[in-house]
Amino acid sequence: MVDHTYLFSPAVRRIKALVEGGELGELYYVDSVRINLGLFQHDVNVIWDLAPHDLAIVAHVLGLDARSISAWGCGHADPDIDDIAYVNVDYGDRLMASFHVNWLSPLKVRQMIFAGSRKSLIFNELNTTEPVKVYDKGVEFGAGEEGRPQAAGQLP
């Protein structure tokens with residue numbers, strides 16, 4: 001039941017519908033940032049405090065099991081409790097997700113990027129008027145002049 005509130009929010013439901021409907025095309029990666037100068041916990045590290053929110057959202061949207069997970073972090077306020085960390089998840093089939101969490105940032109950010117071959121979307125939890133924004137920018141790969149992979153399509 002981790003983050004069931006997020007999973008049934010209109011924004012996450014929309015993201016799930018767009019991904020399942022193929023609107024973004026083939027998904028390449030998810031990039032998540034959940035940072036702020038926050039309350040330092042004394043019983044759990046930053047991964048246990050902040051990462052479950054975004055991990056739950058991605059698991060719900062993708063509906064896939066992780067093939068592997070790696071995490072690393074370090075503690076500054078208390079060397080025994082990580083206050084900044086990075087979590088990487090490999091879902092196989094060239095789909096990966098990266099999660100950055102920390103309590104040290106002077107700026108509060110709650111953002112996720114779902115990038116696909118046709119389109120990409122940004123979920124900005126702090127934007128109350130437009131939390132999900134779809135960009136008509138995707139990346140398709142084709143062979144270049146020398147047979148090497150080359151990005152094509154609509155790039156910024």
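Biologist: Why is the meeting of the side chains of arginine 34 and aspartate 54 called a salt bridge?

Modeller: The N to O distance is 2.9 Å. A salt bridge needs a side-chain nitrogen of Lys or Arg within 4 Å of a carboxyl oxygen of Asp or Glu, so the pair of arginine 34 and aspartate 54 qualifies. Arginine 34 is in strand S1 and aspartate 54 in helix H3, 20 residues apart, and the pair links these distant parts of the chain. Helices (H or I, at least four residues) and strands (E, at least two) are DSSP runs, numbered from the N terminus.

Biologist: What are these values based on?

Modeller: This is a predicted model, in which local features need pLDDT of at least 70 and side-chain atom pairs count only at pLDDT 80 or more, while totals for chains, interfaces and linings use all residues. Residues are numbered from 1 along each chain as its sequence is written, and side-chain values use heavy atoms, with hydrogens and water left out.

Biologist: Are arginine 34 and aspartate 54 buried or exposed?

Modeller: Both are buried, a word that means under 20% relative accessible area, with exposed meaning over 50% and partly exposed in between (1.4 Å probe, protein chains only). Of the 156 residues of the chain, 40% count as buried.

Biologist: What makes glutamate 26 and arginine 94 a pair that ties parts together?

Modeller: Their closest N and O atoms are 3.4 Å apart, and they form a salt bridge. Glutamate 26 lies in the loop between H2 and S1 and arginine 94 in the loop between S3 and S4, so the parts that the pair ties together are 68 residues apart in sequence. With a relative accessible area of 37%, glutamate 26 is partly exposed; arginine 94, at 68%, is exposed.

Biologist: Where in the chain are aspartate 90 and arginine 67?

Modeller: Aspartate 90 is in strand S3 and arginine 67 in the loop between H3 and S2, 23 residues apart. Their side chains meet in a salt bridge at 2.7 Å, N to O. Aspartate 90 is partly exposed, at a relative accessible area of 21%, whereas arginine 67 is exposed, at 61%. A search of the whole structure finds seven salt bridges, and Glu23, Lys119 and Asp136 are linked in a network of them.

Biologist: Why are S2 and S7 called edge strands?

Modeller: The open sheet has seven strands in the order S2-S3-S4-S1-S5-S6-S7, with mixed pairing. Strand S2 (68–74) and strand S7 (132–135) each pair on one side only. Two strands pair if DSSP finds at least two bridges between them. S5 and strand S6 (residues 120–124) have five bridges, in the antiparallel sense; alanine 115 has serine 120 in S6 as its bridge partner.

Biologist: How do you know that helix H3 packs on the sheet?

Modeller: Helix H3 (residues 46–62) touches S1, S2, S3, S4, S5 and S6, where contact means heavy atoms within 4.5 Å. The direction of H3 makes about 155° with that of S4; axes are lines fitted to C-alpha atoms, for helices over the stretch in contact, and angles run from 0 to 180 degrees between N-to-C directions.

Biologist: What makes Leu37, Phe40 and Leu104 a patch?

Modeller: Patches are made of residues with over 30% relative accessible area and no salt bridge, with like charges joined within 9 Å and nonpolar side chains (Val, Leu, Ile, Met, Phe, Trp, Tyr) within 5 Å. Leucine 104 has 33% relative accessibility and counts as partly exposed, so it passes the 30% limit. Together the three have about 260 Å² of accessible area, by the Shrake-Rupley method with a 1.4 Å probe; for residues, only the protein chains shown count as cover.
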